[in-house]
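I opened my notebook to look up a structure that was new to me. I wanted the overall layout, then a few places inside.

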Amino acid sequence: MEKQETLISSQPQVMLISYSLQGHINPMVQFAKRLVSRGIKVTLVTPITTLDSPLQVNSNSINTEHILVDRPSSSHATNSDDIDDILALIKISITRSLPEIIEKQKASGYPVKFLIYNALMPYALDICLNLGIQGVAFCTYSCAVFAIYYHVHRRTLDINTVTELSTVTLPSLPPLGVEDLPSFFYTGTYQGLLRSSANQFLGMERAYGVLINTFEELEAEHKPSPQLIVQTQHINTQQYTPNIHAKSAG
């Protein structure tokens, strides 16, 4: 019995955290299932408000945790101010509650070895590093969109100059019309989301790795440019499975 408890207490796990929006949570859930299929214990964390339904994952092998987020004073997120308020409240709630969830998992005998966080939550990296846990950024959209936001962050793409007739040229990408860019580049709406998308690269060089949604066979003509490789030379952009060995308690 004592040997069994020792084995259980030494089993590490991977924790994932993401927004509960469909386009963000679905890739996380699929990746979590891949980890589980390799014998890795997984906990998926999502922030929710009192009006949201708790996330239901169609897998008994994935543990779920929820972080309650206060709603902003306005009832609907219809402008940039509302979006900024919501993102700020999510950050406050995650900063307060995520360390408690990580500690709870440790106390239960499954310490968190890796935190795989939605890249739009760069503050999650600070949280896990402060707790001595490795952080991995997870990009839920395509590699091409990731590259576009990267150039906005580096200010090698000035969105203030983009018009309906613009053609944008970036390294490693074909010429892009305005319809190929995120809509708030030229509509002026949801600037809070734009800032959040560009700021995802803050501190990313401190991450253990970066997971990017891409298909080499489909994007062979548009490999990363030398400039992009140099700027991200400390970031591991290879797809990988964390080096975690699950132990059997049997």
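My entries go from the whole chain to single residues.

**Ground rules.** This is a predicted model, in which I use local features only at pLDDT of at least 70 and side-chain atom pairs only at pLDDT 80 or more, while totals for chains, interfaces and linings use all residues. I number residues from 1 along each chain as its sequence is written, and side-chain values use heavy atoms, with hydrogens and water left out.

**Overview.** I looked up the secondary structure and found seven helices and eight strands. Helices (H or I, at least four residues) and strands (E, at least two) are DSSP runs, numbered from the N terminus. The protein has 250 residues, and 44% of them count as buried. Buried means under 20% relative accessible area, exposed over 50%, and partly exposed in between (1.4 Å probe, protein chains only). The accessible surface is about 13,800 Å², with 51% belonging to carbon and sulfur atoms. Those areas come from the Shrake-Rupley method with a 1.4 Å probe; for residues, only the protein chains shown count as cover. I also checked contacts, meaning heavy atoms within 4.5 Å. Among contacts with a separation of 6 or more, 67% link residues 24 or more positions apart.

**The sheet.** In what order do the six strands of the open sheet run? I read β3-β2-β1-β4-β5-β8, with parallel pairing. Strands pair if DSSP finds at least two bridges between them. The edges are β3 (62-68) and β8 (209-213), each pairing on one side only. From one strand to the next, the twist averages 20°. Seven bridges join β2 (residues 41-48) to β3 in the parallel sense. In one of these strands, β3, Thr-64 is the bridge partner of Leu-44.

**Helices on the sheet.** Helix α2 (residues 22-37) packs on the sheet and touches β1 (13-17), β2, β3, β4 (112-118), β5 (134-142) and β8. The direction of α2 makes about 165° with that of β2. I took axes as lines fitted to C-alpha atoms, for helices over the stretch in contact, with angles from 0 to 180 degrees between N-to-C directions. Helix α4 (residues 123-130) also packs there, touching β1, β4 and β5, at about 170° to the direction of β4. Buried residues in α4 include Tyr-123, Leu-125 and Ile-127. Gly-132 follows α4 and has a positive phi, near 75°.

**Two glutamines.** Is Gln-200 buried or exposed? Gln-200 is buried, at 1% relative accessible area. Gln-200 sits in the loop between α6 (191-198) and β8. The side chain of Gln-200 makes a polar contact with the side chain of Tyr-141 (2.2 Å). Such a contact is a pair of N or O atoms within 3.5 Å; within protein, one must be able to donate a hydrogen and the other to accept it, and residues adjacent in sequence count only if both atoms are side-chain atoms.

Gln-105 lies in helix α3 (residues 80-107). Gln-105 is buried too, at 5%. The side chain of Gln-105 makes a polar contact with that of Gln-13 (2.7 Å). Met-15 is 90 residues from Gln-105 along the chain, yet their C-alpha atoms are separated by 9.6 Å.

**A helix crossing.** The axes of α5 (residues 143-153) and α6 come within 8 Å and cross at roughly 90°. The two helices α5 and α6 are therefore roughly perpendicular, a label for 65 to 115 degrees. Tyr-149, Val-152 and His-153 of α5 meet Leu-194, Ser-197 and Ala-198 of α6.

Methods. Parallel < 35°, antiparallel > 145°, perpendicular 65-115°, else oblique.
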